[in-house]
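Student: I would like to learn how to read a structure feature by feature. Please give the general idea each time, then the case at hand.

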Amino acid sequence: MYDKVFFINATNASDLVIGRLTDTLVDIAYQQSTWGQQMPIVWVPLDLQISDMRADGVKLITKEKVLDINRSNKEFSLSEKRVEDFLLVQNSIGKILYFDEPALRDFIVIQPSAMVNILRAFITDRMFWPKKGLLRDILEKLSATGVLQKTDLFTLWSQRAFKELLGNDRIKDYVVQVLLHLDILVEPKRYNEMDTAADLFLVPCIVTSNIPRKIQIAATDDKTICIAYHLKETVVPSALSFKLIGAAICIWPLKKVDSRFCLYFQAAVMDADSENIIHIHVEGQRIYAYLINDKSKELISPDLATTTQECLTLALERILQFYHRAICKQNFQIMSDLFEIEVGEICNGETCLIPLLDAQKRKHWSCKNGKKHETKYPLNWVFDKNKEHCDPNCEGLEKETKTLLLKPTDQHFVHLTKYLGIGDFYNFFIHLGMTKTDYDNLNFRYFSNPMDMMLMGMFQWRDKTESDQSPATFGKLLEALKAIGRQHYLCQGG
Ligand SMILES: [Zn+2]
Ligand SMILES: [Zn+2]
């Protein structure tokens, strides 16, 4: 946009080039997203006051401060609700950063470019690192492992360049929350202790170590099923793979080997459960996921494979939507236009795949290695969960009146969530007595993490029910499951 260079003779009042510069500036102004949009005139005082602060070099202010300034405008002041609208609109046009989220709504970044500076503390090229010392060690460790201790992050931020902006711990904590919200930092997943704050973060975009050969070859022919997403776009932004890895490690806990998290450059290894692990790696336009059982691929449950696939597919769809919205502002309704799914196995140490649509039509395929593969195990990625697979005479939990009065543990919720899948979740949630607004809020908050969304939804239901002095029991879950025709979800493997 700013590609023209103007040479203007400042001593010549009749220099014609100045006219061309004016025209270009007007053109640029016309191209601004907010050009010609009407702005409520009541916003003008606050808008000007914030502009003044920005001009004075202020980068971040508290919400309280904005409300104070607004109040000082006396008869021109806005109601608190109107201030909120003002901030959200300013955020949407990129003038400020303001997130209406519980952990984020106390501060407003009035100079969004300041965030780029904050990121430079740890997302920076090796050539800019200090030659030696503590900071160098922190950056070396981060780039090798992708793990950043919270104390180390604060040490990086205590350098002079960041001190001015990150004046106190409250602001630092706020910025941490923003970076988590933007998926730049990821908190390691620990399903059993949801509420404790993390003392370390994962940074998928910075890790440079490649996945070790030793871990790669653990995915053997007899233990592994594979799925691949072939993106049809010719240019895949590398940020997409970081975001997908980030989403995956939000869903499943990263595996630890020799007390090192298995996070690598464009790859990660996660625990699906105690017997199965998930590998994800991105190579060019293909995203590969493996499900590897301790003993044999025959022991990988179709439910686990299908739920894993659903979570991955959904996360990928949402990330692609995000990029399409950001890049070309077009909304793709048909996701199959954006990628193609292939399924398969490991064959002579390499992935051996066929398009899912082909696999669904046949029992075997012969590959270029001259091997005949059964489609049975790879098709477990898309197992039809709605098929009844309890004994036809199974009466479920219905008759176990004692169990029905018990309260499920966190683990029970995790289990049910994994089983339920995103397709059934909305109806189930509504039948639990939650509202569409509850659902929309969850969906917004955990947009790229469907597992989190469902689990948090369950916890919300539990808290809401118990705050009404009524226990959140298996019985109530069963009623909602019956309403959506899934009454056996509590007996299967539970
Ligand atoms: Zn093969
Ligand atoms: Zn049953």
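Student: Which residues does F201 touch, not counting residues up to four places away in sequence?

Tutor: Contact means heavy atoms within 4.5 Å. By that rule F201 touches G146, V147, L148, K150, L153, V176, L180, L185, V186 and E187. This is a predicted model, in which local features need pLDDT of at least 70, side-chain atom pairs count only at pLDDT 80 or more, and totals for chains, interfaces and linings use all residues. Residues are numbered from 1 along each chain as its sequence is written, chains are lettered from A and ligands numbered from 1 in the order in which they are written, and side-chain values use heavy atoms, with hydrogens and water left out.

Student: Where is F201 placed, and is F201 buried or exposed?

Tutor: Helices (H or I, at least four residues) and strands (E, at least two) are DSSP runs, numbered from the N terminus. F201 belongs to strand β4. For accessibility, buried means under 20% relative accessible area, exposed over 50%, and partly exposed in between, with a 1.4 Å probe and protein chains only. F201 has a relative accessible area of 2%, so it is buried.

Student: What does the contact list of L263 look like?

Tutor: L263 sits in strand β8 (residues 263-264). Leaving aside neighbours within four places in sequence, its contacts include T145, G146, L202, V203 and P204. The C-alpha atoms of L263 and G146 are 6.4 Å apart, although 117 residues separate the two along the chain. L263 counts as buried because its relative accessible area is 0%.

Student: How do I read a helix, and which residues of α7 are buried?

Tutor: An α-helix has 3.6 residues a turn, so residues three or four places apart point the same way. In helix α7 (residues 150-157), the buried residues are D152, L153, F154, L156 and W157. They pack against α5 (113-120), α6 (134-145), β3 (147-149), α8 (160-163), α9 (169-181) and β4 (200-202).

Student: Which residues coordinate the zinc ion (ligand 1)?

Tutor: Donors are N, O and S atoms within 2.8 Å of the metal (3.2 Å for Na, K and Ca); water is not among the atoms, so sites may look incomplete. Here the zinc ion (ligand 1) is coordinated by C347 (SG), C352 (SG), C367 (SG) and H373 (NE2), at 2.1 to 2.3 Å. The sequence spacing of these donor residues is C-x4-C-x14-C-x5-H. C347 is buried, at a relative accessible area of 2%, and C352 is buried too, at 9%.

Student: What geometry does the site of the zinc ion (ligand 1) have?

Tutor: Ideal angles at a metal are 109.5 degrees for four tetrahedral donors. Four donors count as tetrahedral if all angles lie between 85 and 135 degrees. The angles among the four donor atoms of the zinc ion (ligand 1) run from 97 to 127 degrees, and the site is tetrahedral.

Student: Which residues have a positive phi although they are not glycine?

Tutor: K74, with a phi of about 45 degrees, is one of them, and N348, with about 50 degrees, is another. K74 lies in the loop between α3 (63-72) and α4 (80-92), and at 59% relative accessibility K74 counts as exposed. N348 is in the loop between β12 (339-347) and β13 (350-355); at 56%, N348 also counts as exposed.

Student: Is N380 buried or exposed?

Tutor: N380 is buried, at a relative accessible area of 13%. Its place is the loop between β15 (372-374) and α14 (401-404). Beyond neighbours within four places in sequence, N380 is in contact with I300, P302, A305 and T306.

Student: How many cavities of 30 Å³ or more does the search find?

Tutor: Rolling a probe the size of a water molecule over the atoms shows where empty space is left. On a 1 Å grid over the protein atoms alone, a cavity is a set of points where a 1.4 Å probe fits but cannot get out, and lining residues have an atom within 4 Å of a point. Grid points are joined across faces, edges and corners, and a volume is the space filled by probe spheres set on the points. The search finds one cavity of 30 Å³ or more. The largest cavity has a volume of about 40 Å³, and its lining consists of W252, A272, L304, T307, T308, C311, K418 and M451. Helix α12 (residues 302-327) gives the largest share of that lining, four residues.

Note on methods: Tetrahedral: all angles 85-135°; square planar, octahedral: opposite > 155°, others 65-115°. 1 Å grid on protein atoms, 1.4 Å probe; cavity = no way out; pocket = protein on both sides within 12 Å on 5 of 7 lines; lining within 4 Å.
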